[in-house]
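Hi,

Here is the structure I promised to pass on.

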Amino acid sequence: MALTYEHIQSALVNKFGEAITNWQIGVDMASFEAPKEANLKVLQFLYEESSLGFQFLTDITAVHYPDQLGKELAVVYHLHNLVENVRLRFKVFTSIEDPTIFTATQLFSSANWMERETYDFFGIQFVGHPNLKRILNVDEMEYFPLRKEFPLEDQTRIDKDDEMFGRGGSIR
Amino acid sequence: MNDHKHIILEEGNIQKQTTTLNLGPTHPATHGVFQNIVELDGERVVKAEQTVGYIHRAFEKLAERRPLYQVTPITDRLNYCSSPINNIGWHLTCEKLLGVKTPKRVDYLRVIVMELARIADHLICNSIVGVDTGAFTGFLYVFQYRELIYEIYEEICGSRLTTNIGRIGGFERDFTPAAFEKIEKFLKEYPAVLKEFEDLFNRNRIFMERTQGTGGISAERALNYGFTGPNLRAAGVDYDVRVHNPYCSYEDFDFEVPVGSTGDNYDRFLVRNGEMWQSLSIIKQAMQKLEQFKGTDADVYHADVPEYYLPEKKDVYTKMEALIWHFKIIMGEIDMPKGEVYFSVEGGNGELGYYLISDGGRTPYRLHFRRPCFIYYQAFEEIVKGSMLSDTIVTLSSLNLIAGEMDA
């Protein structure tokens, strides 16, 4: 029997009830949200339940929505059932003041660096992570660069005198 | 000759201690800028720590300020051994978001370019495995044909390494007759070269001894570590994005997915060689399919998406409509539809995914690249623990780690 999105949805709702929200079927895959306290439970259920079997973690990343008060940061998991070839997107939202979330490293060894990357760029604290430190940026960095409060440099700025890069400076 | 003093250790005075060795960031053994700090007990690796990020260029941040067509050159610089796959993967992601349907001929042209890129990618990886085991000949020999592939790119898009090939909707121009000639030449000459390359290595006793049983990983661990591409298939899992989630009309082609069993360096090498044969067969099939198009269909090289497809320059100078679209696209004045999409293609070294979120603006709200080698490189310590240092070097090259992709 092929694994259908209806089955996944009903299995999740049976197990977690009201906690599963915003179930949508997008152009690429189905996606849903759950409270951040339940993220590991949901992942574990999807992993261990024999009829679901989402045992391949494709990707972890985060998105910053500065306008959504109390749920500014979204952590997005992409899961894949390789046997049935079904993909699933799972999101949890967290506030930017307390960006803590349970780590998925116990389930997936691959989550280790993906979570480090997510921490590096968004400052999400993965509770229980074995080695949560920056991975692509320098260790001394004091901010989380992919958050929206850090815009890229304005290409038209003129207050900066670095002729070497062809921006601003005086024209001779 | 022998007048230097030997250190003579007294009986029972030998202390067991480990040595720390830095492989990289710039080291002849690491093909790319990344560091491995290995702790050695004699010649055996007891601990390894990887440091990445030396060439991090903040692509995901940069993409948030660029219209879709300006993101393409960024994707070039991920896995720069097979840039066309990255470019076309990105175009396909945009097309998925925009709901663009491409004509079959465009799909087949893209398949040709992507498979050429796959051959170039596997070629460099496999021949480097040869170099690292001490066999330089194969490397030198096949590189002529990598050069020919680059000439084909050049004929199609004008550049060689960072190709920026194609546009949303198709290609900027039809393949020239010279491009087809070069592809035919490649199809004609390359099989003999690949055969000779295989003859040099596949049953070579030294090569087999160096690669068999080293750097192996079980299918279970490989899946848990998020392996994809040839490295996963070498461990015996037949997951290939081209088959599982066909894109770009891959479902029209008849090809096999080579798999290994032990996931060691030798299997990875064989799987890549097998894939090169399959890619050749796919290109041949695509060339045959192209001949079916007759009349105006035979000149189609892009989909009809004026909002995103940059018009041809001669039209820009002579036609009002084209001039308007050109201006709007270049100035980034096109609003994208709202939505989010994850799309993946089978890259040179695994599943290359693009997670694109649009809030209805002119640039992506967020773009994330799923870079296969960033994800599987973390398994390195587990793979090499307990093995010899020299095997570590071979493992490093046979994993096909590309620093540009790892660091994004």
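In which kind of crossing, left-handed or right-handed, does helix 4 of chain B pass helix 5 of chain B? The crossing is left-handed, a word used when the near helix is turned anticlockwise from the far one by less than a right angle (clockwise would be right-handed).

Before the rest, some housekeeping. This is a predicted model, where local features need pLDDT of at least 70 and side-chain atom pairs count only at pLDDT 80 or more, while totals for chains, interfaces and linings use all residues. Residues are numbered from 1 along each chain as its sequence is written, chains are lettered from A and ligands numbered from 1 in the order in which they are written, and side-chain values use heavy atoms, with hydrogens and water left out. Helices (H or I, at least four residues) and strands (E, at least two) are DSSP runs, numbered from the N terminus.

Back to that helix pair. The axes of helix 4 (residues 104-132) and helix 5 (residues 136-157) of chain B come within 9 Å and cross at roughly 160 degrees; axes are lines fitted to C-alpha atoms, for helices over the stretch in contact, and angles run from 0 to 180 degrees between N-to-C directions. That is why helix 4 of chain B counts as roughly antiparallel to helix 5 of chain B (over 145 degrees; under 35 is roughly parallel, 65 to 115 roughly perpendicular and the rest oblique). Among the residues that meet there are Leu116(B) and Leu123(B) from helix 4 and Phe139(B) and Ile149(B) from helix 5, where contact means heavy atoms within 4.5 Å.

Now chain A. It has 3 helices and 9 strands, and 52% of its 172 residues are buried (buried is under 20% relative accessible area, exposed over 50%, partly exposed in between, with a 1.4 Å probe and protein chains only).

Strand 3 of chain A runs antiparallel to strand 4 (residues 73-81) of chain A, and 8 bridges join them. Asp59(A) stands opposite His78(A) of strand 4. What about burial? In strand 3 of chain A, 9 of the 9 residues are buried, so the strand is largely enclosed by the rest of the structure.

Tyr354(B) sits in strand 5 (residues 351-358) of chain B and is buried, with a relative accessible area of 0%. Leaving aside neighbours within four places in sequence, its contacts include Trp90(B), Phe343(B) and His368(B).

Most residues other than glycine have a negative phi. Ala58(B), however, has a positive phi, near 55 degrees; Ala58(B) lies in the loop between strand 3 (44-51) and helix 1 (59-63) of chain B and is partly exposed at 29%. Cys248(B) also has a positive phi, of about 55 degrees, but with 6% relative accessibility Cys248(B) is buried.

Methods: Two strands pair if DSSP finds at least two bridges between them.
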